[in-house]
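Welcome, and thanks for taking a look at this one with me.

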Amino acid sequence: MNTSKPPYLGFGLGLRPQHYEEILNGSPAVDWFEVISENYMIPGGQPLRILDQIRERYPVVMHGVSMSIASTAPLDMDYLGALKALAERVDPKWISDHLCWTGVHGMNLHDLLPIPYTEEALDHVVDRVSQVQDFLGRRLTLENVSTYVTFGQSEMTEWEFVTEVANRADCWLLFDVNNVYVSAFNHGFSTDAFLHGVPRDRVVQFHVAGHSHEESHIIDTHDHPVCPEVWDFYRETVAHFGPVSTMIERDDNIPPLAEVVAELDIARKIAGEVSENARLAAAE
Amino acid sequence: MTSLKDLQDSFQRGILTGDDAILGEVNDSAREKRTVLFGVYRNAYVARLAEILGEDYEQVHAYLGDAGFAKLVKSYIDANPSDQRNVRWFGRHFPAFARETAPFANHPEVAEIAALEKALTDAFDGPDATPLGIEDLASIPAEDWPHLTFEPHPTAVRLTFDTNAAAIWSALKDETAPPAPMRLPEPQAILVWRQDLMARFRPIGAEESMMWNEAGKGVRFGVLCEMVATFAGEDDAELRAATYLRGWVDTGMLAGCRVATD
């Protein structure tokens, strides 16, 4: 199994069909692309052709939405086989999915559903991550999701659960800055507690995204620009973890490429300022 | 403590059926009641699938309007909980559902517009294959032609419509007023396939449809010519068959040919 830590890639974007033409005809200031694995787990045609062209020019990482790693349903080997086949074609820098489940009894709810933070769930998830990593021949990268409910039976915090999964299953983490912000607001915990609660050496990627504020709760819609509060938390996140491959995630209400690239430039600027401050502090 | 398995059963049931048992397992937040918070998952499930169907069946939506489409979509989602990892295939039963479900079943053009959209989407990301080129055919010795068999491009499918759904689809696609729905005097064959990464369709006549169907079964070109002669007269039968074949090759509808030896 390949266990070496993935490289730092810089500042990337989620590849979206609306931007195919602009990306291939221009040279946007984007260091790498993240692709939704399922969008390319198809027989053939234009999407895979475009993906091959993007791959020739940029590093690519694969991000799945339906591995359902925490589900009590059996692992879907057809899905994993197709994922592995796509990885052989794409040669991604890493493969990520979410620390969640998406359905049981052969159903798929196409949503990132929450896990109770219990020892039972922990044992279950760790065992599944190990099986998937053995099958894929590489470490998996798992992302914390936005959640809207907590369970009465939970025995630990989300960050304790995430940390235990990462350490025991020996996997990488995708730290979704927006998701931490959303869940912290929804459940009343401190973003700093989460930030300082997960193992620094496991984090290989950041997601930054926009959300919808419903006053009593926040929904992780990825259909708005990143809000100032999330940028503030991104600044803290970069200061804590140091340089980590960062990506703007926009899935709905998708603006022209230039607008998302401009958001990515904000991330670059913040990371640059944090790095400069750290350099100055070290020099003093 | 409820097991993880039972908890997930209950959570899923809560989303799919509206069963509230799961509310006994989740907490209110400091700002909001659990019914509202769990409702985020209930709403998201329907909204996400409705959005997918809206993308997959854009012209059905345009034809039925927002209210009519929403009604069809809601009944489809209720009747077909997703069993696919990839949401790409969630809407695969939509044409059949529209054909069988009242009141849409009384408007057969709706199911046929949906069938055309599904076929185009399937062709768009269907399997790759190098199209048969005219130069491939040119290299076949004349004496072998009667024994030639053809392999359709893997994305090519033939649909048969009882209504003018194809004309309605085209008008909607062009954002012009669609013709009134009507039942055709004779069923209309439509070929759908992918050429140069673009999904395409073309209505075809009864004779070409017959020949395409037989060619897809591996019938040799010599026999296809005889069938064409039987279908609509011996005059120019070979020329007609060759013209159809040339059209298929020119538009990438074939993926190969071989000289049958058995």
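1. First, a term: a nonpolar core is a set of buried Ala, Val, Leu, Ile, Met, Phe, Trp, Tyr and Cys residues joined through C-beta atoms within 7 Å. Please keep in mind that this is a predicted model.

2. The largest nonpolar core has 143 residues, and those touching the most other members are A:Val165, A:Leu173, B:Leu116 and B:Val192. Helix α5 of chain B, residues 108-124, gives the most to this core, with 9 residues. Domain 1 (1-106) and domain 2 (114-262) of chain B both give residues to the core, so it lies between them.

3. What is B:Leu116 in contact with, leaving aside its neighbours within four places in sequence? The partners are B:Leu159, B:Ala165, B:Ala166, B:Trp169, B:Ile190 and B:Phe201.

4. Now to chain A, which has 9 helices and 10 strands. A compact globule of 284 residues would have a radius of gyration near 19 Å, and the 18 Å of chain A agrees with this. Along the principal axes, its C-alpha atoms fill a box of roughly 50 × 45 × 40 Å. In chain A, 48% of the 284 residues count as buried. Of the chain A contacts between residues at least 6 apart in sequence, 78% join residues at least 24 apart.

5. Finally, the two chains meet in a contact that takes 40 residues from chain A and 41 residues from chain B. On the side of chain A, the elements giving two or more residues are α2 (46-57), α4 (119-136) and α6 (177-187). The residues on that side of chain A divide into 16 nonpolar, 19 polar and 5 charged.

How values were computed: Residues are numbered from 1 along each chain as its sequence is written. Chains are lettered from A and ligands numbered from 1 in the order in which they are written. This is a predicted model: local features need pLDDT of at least 70, side-chain atom pairs count only at pLDDT 80 or more; totals for chains, interfaces and linings use all residues. A residue is buried if 20 or more other C-beta atoms lie within 10 Å of its own, exposed if 12 or fewer, and partly exposed in between; C-beta atoms are placed from the backbone. Helices (H or I, at least four residues) and strands (E, at least two) are DSSP runs, numbered from the N terminus. Domain bounds come from an automatic or database domain assignment. Two residues are in contact if their C-beta atoms, placed from the backbone, lie within 7 Å. The radius of gyration is taken over C-alpha atoms; the globule rule is 2.2 Å times the number of residues to the power 0.38. Ala, Val, Leu, Ile, Met, Phe, Trp, Tyr, Cys and Pro count as nonpolar, Asp, Glu, Lys and Arg as charged, and the others, Gly among them, as polar.
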